[in-house]
Amino acid sequence: MAVRHFTPAGMLRPTPYHHVSVGTGTTQVHVSGQVARQADGTPVAPGDLAGQVAQVLRNTAVGLAGAGASFADVVRLTFYVTQWSPEKIGDFMAGVEAVAEEVGLGIPMPPASLIGVDSLFEPDVLVEVEATAMID
């Protein structure tokens, strides 16, 4: 495996993600701008943060697979969530947990950032994710 995830002793626990990843592969894979849309552009789960998180992770898995990678190879995830507030963490994690097994995303996740933004490129888009992976 090209990526090792861990949380060293002395770092904040529990968190839904590992704090550290070490990538040793020779090829970087970047999957960017995944939103809750089907391949034909049809919106998925309008107004539903959990549903949109689940779909962006499904789309990310497709992008990773297209490059010969999987979530096991992911070094870092970055989520952008519109109108973020701490009360939304339950819905966010419900979306992650709903598809984690389906897409092969380990829990805790690889190192991740969740960044609140005012809006994304279209008003119905609540969440976007980017992934960076290392493969041999």
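## Ground rules

Local features in this predicted model need pLDDT of at least 70, side-chain atom pairs count only at pLDDT 80 or more, and totals for chains, interfaces and linings use all residues. Residues are numbered from 1 along each chain as its sequence is written, and side-chain values use heavy atoms, with hydrogens and water left out.

## The sheet

Let's start with the strands (DSSP runs of E, at least two residues; helices are runs of H or I, at least four residues; both are numbered from the N terminus). Four of them make an open, mixed sheet, ordered β3-β6-β4-β5. Pairing here requires at least two DSSP bridges between two strands. Because β3 (27–34) and β5 (112–117) sit at the edges with a single partner strand each, one side of each has no neighbour in the sheet. On average, neighbouring strands of this sheet are turned by 10 degrees against each other, direction ignored. Axes are lines fitted to C-alpha atoms, for helices over the stretch in contact, and angles run from 0 to 180 degrees between N-to-C directions.

Six bridges link β4 and β5 in the parallel sense. In β5, G116 is the residue opposite V81.

## The helices

Helix α1 lies across β3, β4 and β6 (127–135), and runs at about 30 degrees to β6. Contact means heavy atoms within 4.5 Å.

Helix α2 (residues 89–103) has 15 residues, so at 1.5 Å a residue it should span 21 Å; its end C-alpha atoms are 20 Å apart, which agrees. The expected span is 1.5 Å times one less than the number of residues. Its buried residues (under 20% relative accessible area, 1.4 Å probe, protein chains only) are F92, M93, G95, V96, V99, A100 and V103. Among the elements covering them are α1, β4 and β5.

## A buried aspartate

D73 belongs to the loop between α1 (49–66) and β4 (74–82). This residue is buried but has no salt bridge, and R4, the nearest side chain of opposite charge, is 13 Å away. A salt bridge puts a side-chain nitrogen of Lys or Arg within 4 Å of a carboxyl oxygen of Asp or Glu; Lys and Arg count as positive, Asp and Glu as negative, with His and chain ends not counted. Beyond neighbours within four places in sequence, D73 contacts V3, T132, A133, M134 and I135.

## Backbone details

The peptide bond from R13 to P14 is cis, with omega near -15 degrees, and so is the bond joining I107 and P108, with omega about 5 degrees. P108 is in the loop between α2 and β5.

Conventions. Buried < 20%, exposed > 50% of the residue type's maximum accessible area, 1.4 Å probe, protein only.
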